[in-house]
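Let's take a walk through a protein together. Have a look at the sequence and the model first, and then we'll go through it piece by piece.

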Amino acid sequence: MTTMLEVSDLGHTYGSGDTAYTAISDLSFTVETGELTCIVGPSGCGKSTLLRAIAGLHTPTGGTVRLKGETVAGVPEDLAVVFQDYSRSLFPWLTVRDNVEFPLRSRGVSADDRASRAAEALEWVGLGKAGKKYPWQLSGGMQQRVSIARALACRPSLLLMDEPFASVDAQTRFELEDLLLRVRRELNATVLLVTHDIDESVYLGDRVLVLSKPPATVVAELPVDLPPVRDQITTRESDAFVSLRSEVARLLHGKEPATRSAPQVTSEAAGTGDQGVHVADGGTPKGQRTVTAPKNRRNGAGGKGRKKHMKTKKKRGVTVQRPR
Ligand SMILES: Nc1ncnc2c1ncn2[C@@H]1O[C@H](COP(=O)(O)OP(=O)(O)OP(=O)(O)O)[C@@H](O)[C@H]1O
């Protein structure tokens, strides 16, 4: 596998002086090509700030983002974003097909290619017959399918999704989750998806990154060892799923990994002991929370520098690293 996205020591502070607010700090991870990575974190921890930095929509105040090895400065051409609020991201005066074609215009795609790529993307999301309708003639779930089709029509190297299913009802959410799993399998898409929903992160992800309270950093990284083809009933009932979602919940709330058979965290932990210690419920003292190292840190200079201050402990197969 090759690395699609590399986020290194990312930080972002809004404002300056007395009103400065650090939303994310010292945040590092990688996403491999073809992987679906979910990010879950407490409300207001800086997930959108992170995604905006990755999408080149704002310049982070620290660290770097690399897409296919290139430092992101400005919005990369081969990246697409799906936002939560479909009603504000689609143009009501354009037909569904024209909405899907819209970003292709600015990329200089010919009219014929635009039409065929839009038709193909609408087929992928099950809206092959809806091209001539307007967004306001569609249900919320269908509108979000249009947003997904529009992103896919760009054939992005990386698809970013910011709470993409948070504004639809539960049944539609399940349908859209399954649609995403199918489409990413068929297209071998690389996806980074932010969600508040622990179950959703486990159901969709190949890997779940757990963020801390602000300033957000990565507190844990869990591979999701579930079969690639998932099912809303049987997968969610399985012991492996229940165990993983509990693990994510524990880490999100600043708890220790549980003691039963563990989902494995493959990445080695690392951290300064100062940055990764804000826990979701505030119950763990600063300096005592797990920080897992992104793969790119394991052998990198930053990782070595940090690791010497840390001691490693294995619990439930989860590598836990604490400051000495
Ligand atoms: N433009 C801005 N200026 C100042 N502070 C901001 C700005 N944008 C976001 N923030 C603050 O940064 C913090 C992180 O915001 P962000 O929207 O990234 O969090 P989030 O995790 O995506 O939130 P949510 O869970 O509600 O979706 C919040 O406290 C927010 O108030």
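Why does P103 count as partly exposed? With 17 C-beta neighbours inside 10 Å, P103 falls in the middle class: a residue is buried if 20 or more other C-beta atoms lie within 10 Å of its own, exposed if 12 or fewer, and partly exposed in between, with C-beta atoms placed from the backbone.

Before going on, two bits of housekeeping. Residues are numbered from 1 along each chain as its sequence is written. What you see is a predicted model, where local features need pLDDT of at least 70, side-chain atom pairs count only at pLDDT 80 or more, and totals for chains, interfaces and linings use all residues.

Back to P103, which sits in helix α3. Helices (H or I, at least four residues) and strands (E, at least two) are DSSP runs, numbered from the N terminus. Leaving aside neighbours within four places in sequence, P103 is in contact with R150 and C154, where contact means that two C-beta atoms, placed from the backbone, lie within 7 Å.

Now zoom out. The protein has eleven helices and twelve strands, and buried residues make up 45% of its 324 residues. Among contacts between residues at least 6 apart in sequence, 71% join residues at least 24 apart.

The domain assignment gives domain 1 (3–78 + 156–323) and domain 2 (86–155); such bounds come from an automatic or database assignment. Where the two touch, eleven residues of domain 1 are in contact with twelve residues of domain 2. On the domain 1 side, α6 gives the most, with five residues. UniProt also has an unreviewed entry that places the feature "domain: ABC transporter" at residues 5–238; its positions are given in the numbering used here, feature names are shortened, and annotations may be inferred rather than shown by experiment.

Next, find helix α5 (residues 140–153).

Most residues other than glycine have a negative phi, and most peptide bonds are trans. D26, in strand β2, also has a positive phi, near 55°. D26 is buried, with 22 other C-beta atoms within 10 Å, while R155 counts as partly exposed. As for peptide bonds, the one from P214 to P215 is cis, with omega near -5°.

Finally, what surrounds the ligand? Of the 13 residues around it, Y14, A23, K47, S48 and T49 come nearest; a residue is near if its C-beta atom, placed from the backbone, lies within 6 Å. The elements that give two or more residues to this shell are β2 (21–32) and α1 (47–54), and α1 gives the most, with three.

Definitions and conventions: Expected span 1.5 Å × (residues − 1).
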